[in-house]
Amino acid sequence: MPTQCLFCNIINGTIPAHKVYEDNDVIAFLDINQTTNGHTLVLPKSHFDHFLNTPKAQMNLVMNVAQRIGQAQIQVLHAKGVNILSNALQAAGQTVLHFHVHVIPRYEANDRFKIEMLKHDQHNLLNLPVLANQLKSGINLK
Ligand code: 5GP
Ligand code: ZN
């Protein structure tokens with residue numbers, strides 16, 4: 001059945017990609033934009049829109065492959081470190097709505113990948129106990 005999803009079309013072979021790993025459940029291929037050399041996307045073959053609605057079993061399979069790809073980036077590409085990242089929903093920068101994990105090898109401080117966690121300028125106005133309790137009450141314990 002034709003699909004609008006770019007990554008489903010890579011999975012079903014309609015759109016080509018440079019695959020680095022594939023099994024029954026998971027595929028990994030090079031990101032078309034090589035932020036750093038070896039930047040790889042890892043995703044479940046089944047379609048789930050994003051990290052937040054992907055079932056645990058699929059998530060675990062994807063993370064397991066992401067870990068092995070990170071290890072390969074260190075071993076064969078001689079990366080000095082690895083960042084893993086999943087953008088969930090548009091506000092977080094997600095552009096392809098099929099859950100995927102970026103595995104980004106890092107080589108030096110001034111490569112093309114940058115993620116900055118800026119200091120909160122009004123930290124004293126935050127109520128950390130209230131925030132923590134709010135989040136705690138929203139966590140699905142199943
Ligand atoms: P997101 O922005 O959703 O976290 O990541 C989507 C990623 O898919 C981007 O890093 C983008 O470069 C990559 N991408 C977009 N189109 C293609 C494509 O046709 N082939 C491959 N291999 N990657 C793509
Ligand atoms: Zn898809």
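Reply: We may begin with a single residue. Leu61 is partly exposed, because its relative accessible area is 35%; buried means under 20% relative accessible area, exposed over 50%, and partly exposed in between, with a 1.4 Å probe and protein chains only. This is a predicted model, in which local features need pLDDT of at least 70, side-chain atom pairs count only at pLDDT 80 or more, and totals for chains, interfaces and linings use all residues. Residues are numbered from 1 along each chain as its sequence is written, chains are lettered from A and ligands numbered from 1 in the order in which they are written, and side-chain values use heavy atoms, with hydrogens and water left out.

Me: In which element does Leu61 lie, and what does Leu61 touch?

Reply: Helices (H or I, at least four residues) and strands (E, at least two) are DSSP runs, numbered from the N terminus. Leu61 belongs to helix 2. Contact means heavy atoms within 4.5 Å; leaving aside residues up to four places away in sequence, Leu61 touches Asp25 and Val26. Pro44 is 17 residues from Leu61 in sequence, and their C-alpha atoms are 7.8 Å apart.

Me: How many helices and strands does the protein have?

Reply: There are 3 helices and 5 strands, in the order α-β-β-β-α-β-β-α from the N terminus. Of the 142 residues, 34% are buried. Among contacts with a separation of 6 or more, 55% are between residues 24 or more positions apart.

Me: How should I read a nonpolar core, and which residues form the largest nonpolar core?

Reply: A nonpolar core is a set of buried Ala, Val, Leu, Ile, Met, Phe, Trp, Tyr and Cys residues joined through side-chain atoms within 4.5 Å. Here the largest one comprises 11 residues: Val26, Ala28, Val42, Met59, Val62, Val65, Ala66, Ile69, Phe99, Val101 and Val103. Strand 2 (26–30), helix 2 (56–76) and strand 5 (101–106) are the elements that give two or more residues to this core, and helix 2 supplies the largest share, 5 residues. A second, separate core of 10 residues includes Cys5, Phe7, Cys8 and Ile27.

Me: How many aromatic pairs are found in the whole structure?

Reply: Rings of Phe, Tyr and Trp (its six-membered ring) pair if their centres lie within 6.5 Å; planes under 30 degrees apart count as stacked, over 60 as edge-to-face and the rest as tilted. The search finds 2 such pairs. Phe7 and Phe29 form an edge-to-face pair, because their ring centres are 5.5 Å apart and their planes stand at 75°. This pair links distant parts of the chain, with Phe7 in helix 1 (residues 6–11) and Phe29 in strand 2, 22 residues apart. Both Phe7 and Phe29 are buried. Phe51 and Phe99 make a tilted pair, 6.3 Å centre to centre with 50° between the planes.

Me: Which residues are closest to the centre of the largest pocket?

Reply: On a 1 Å grid over the protein atoms alone, a pocket is an open set of points where a 1.4 Å probe fits, with protein on both sides within 12 Å along at least five of seven lines; lining residues have an atom within 4 Å of a point. Of the 24 lining residues, Phe7, Asp31, Ile32, Asn33 and Leu41 are the closest to the centre. Helix 1 gives the most to this lining, with 3 residues.
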